[in-house]
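This report covers one protein chain. It starts with terms, then takes up the sheets, the covering helix and the charged pairs.

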Amino acid sequence: MPVLYEKRGHVGWLTLSRPEARNAWGEDFNDEITQRCEEMASDPEIRVAVLTGDEAGGAFSAGANLKNLRTHAQGSIAEFIAGLPGRHRSAGQVLSDFPKPVIAAVNGYAVGIGCIVTYCCDLIIASDRAEWRLPQVALGILPNHGGIVRLARWVGKGQAMKVAMGYPMKADEAFRFGLAYIDLHRFMALSLTEDAKESHAAWRERRRPTIRGA
């Protein structure tokens with residue numbers, strides 16, 4: 001399964017996993033994210049979802065697989081329109097409509113559609129290796145799925161247009177412009193502590209937690 005799913009307490013973790021291709025995007029990502037989000041939405045134990053990339057891939061997602069000749073290719077406008085009724089919702093739409101908070105944990109390059117899906121989440125937490133790129137202009141196309149509009153809501157029109165022209169946004173810029181908190185490793189480490197488990201248990205049992213700093 002290219003999208004790994006793990007349930008850790010009240011958190012559902014979705015991991016984009018195509019490490020041999022730097023977690024490059026495929027239609028299977030859309031299908032599996034949709035399926036998993038439907039499961040998490042109906043699971044009362046899940047209170048938040050996290051989307052991240054397989055560490056073995058060295059990126060959050062390298063975007064569309066350009067080695068596939070069908071990527072960004074369409075026979076005709078008529079063919080595209082005729083196929084619309086059979087198209088599933090994109091992962092971006094699914095994440096935007098998800099009824100529970102979604103965190104993008106960006107642990108490396110987020111390129112193209114791999115970049116846009118992070119803008120569809122409610123909160124972005126990133127490592128210092130994170131970098132957002134929309135290289136579509138160099139391919140003679142524009143970012144899809146409302147990518148620029150979504151980014152503008154996070155960082156404003158000027159910075160969004162700069163990224164749309166192909167300029168990368170690195171982790172320190174993303175933090176400065178309010179796109180992301182550069183705190184991924186701390187977030188992940190805290191989620192594994194005994195204090196985190198105790199706090200969750202205390203909340204369920206309606207009591208004050210006993211914090212030991214462990």
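## Basis

Helices (H or I, at least four residues) and strands (E, at least two) are DSSP runs, numbered from the N terminus. This is a predicted model, in which local features need pLDDT of at least 70, side-chain atom pairs count only at pLDDT 80 or more, and totals for chains, interfaces and linings use all residues. Residues are numbered from 1 along each chain as its sequence is written, and side-chain values use heavy atoms, with hydrogens and water left out.

## Overall make-up

The chain has nine helices and eight strands. Of its 214 residues, 43% are buried. Buried means under 20% relative accessible area, exposed means over 50%, and partly exposed lies in between (1.4 Å probe, protein chains only).

The accessible surface of the chain is about 12,000 Å², and carbon and sulfur atoms own 56% of that. Areas come from the Shrake-Rupley method with a 1.4 Å probe; for residues, only the protein chains shown count as cover. Contact means heavy atoms within 4.5 Å. Among contacts between residues at least 6 apart in sequence, 63% join residues at least 24 apart.

Five strands form an open sheet in the order 1-2-3-4-6, with mixed pairing. Its edge strands are strand 1 (3-8) and strand 6 (123-126), each pairing on one side only. Two strands pair if DSSP finds at least two bridges between them. On average, neighbouring strands of this sheet are turned by 20 degrees against each other, direction ignored. Axes here are lines fitted to C-alpha atoms, for helices over the stretch in contact, and angles run from 0 to 180 degrees between N-to-C directions.

Strand 1 and strand 2 run antiparallel, joined by six bridges. Leu4 stands opposite Thr15 in strand 2. The hairpin of these two strands has two residues between them, and its Gly9 takes a positive phi near 60 degrees. Strand 2 also pairs with strand 3, in the parallel sense, over six bridges. There, Leu16 has Gly53 in strand 3 as its bridge partner. Strand 3 (residues 48-53) runs parallel to strand 4 (residues 102-106), with four bridges. Ala49 has Val102 in strand 4 as its bridge partner.

## Cover on strand 2

How many residues of strand 2 are buried? Six of its six residues are. Both faces are covered. Val11, Trp13 and Thr15 are buried on one side; Gly12, Leu14 and Leu16 are buried on the other.

Helix 1 (residues 27-41) lies across strand 1, strand 2 (11-16) and strand 3. The helix runs at about 175 degrees to strand 2. Arg36 is found in helix 1. Not counting residues up to four places away in sequence, Arg36 touches Tyr5 and Leu14.

A second open sheet has three strands in the order 5-7-8, with mixed pairing. Strand 5 (109-111) and strand 8 each have a single partner strand, so one side of each is left without a neighbour in the sheet. Strand 7 (residues 131-133) and strand 8 run antiparallel, joined by two bridges. Glu131 stands opposite Lys170 in strand 8.

Val137, Met165 and Tyr167 make a nonpolar surface patch of about 310 Å². Patches are made of residues with over 30% relative accessible area and no salt bridge: like charges are joined within 9 Å, nonpolar side chains (Val, Leu, Ile, Met, Phe, Trp, Tyr) within 5 Å. Tyr167 lies in the loop between helix 6 (157-164) and strand 8 (169-170).

## Salt bridges

The structure holds ten salt bridges. A salt bridge is a side-chain nitrogen of Lys or Arg within 4 Å of a carboxyl oxygen of Asp or Glu. Arg36 and Glu39 form one of them, at 3.0 Å, N to O. They are three residues apart in helix 1, so about one helical turn separates them. Arg36 counts as buried because its relative accessibility is 19%. Glu39, at 33%, counts as partly exposed.

Helix 9 (residues 194-205) holds both Glu194 and Lys197, three residues apart, about one turn of the helix. Their side chains meet in a salt bridge at 3.5 Å, N to O. Glu194 is partly exposed at 48%, and Lys197 is partly exposed at 47%. Glu198 and Arg207 meet at 2.7 Å, N to O. Glu198 is buried at 16%, while Arg207 is partly exposed at 33%. Lys7, Asp43 and Glu45 are linked in a network of salt bridges.
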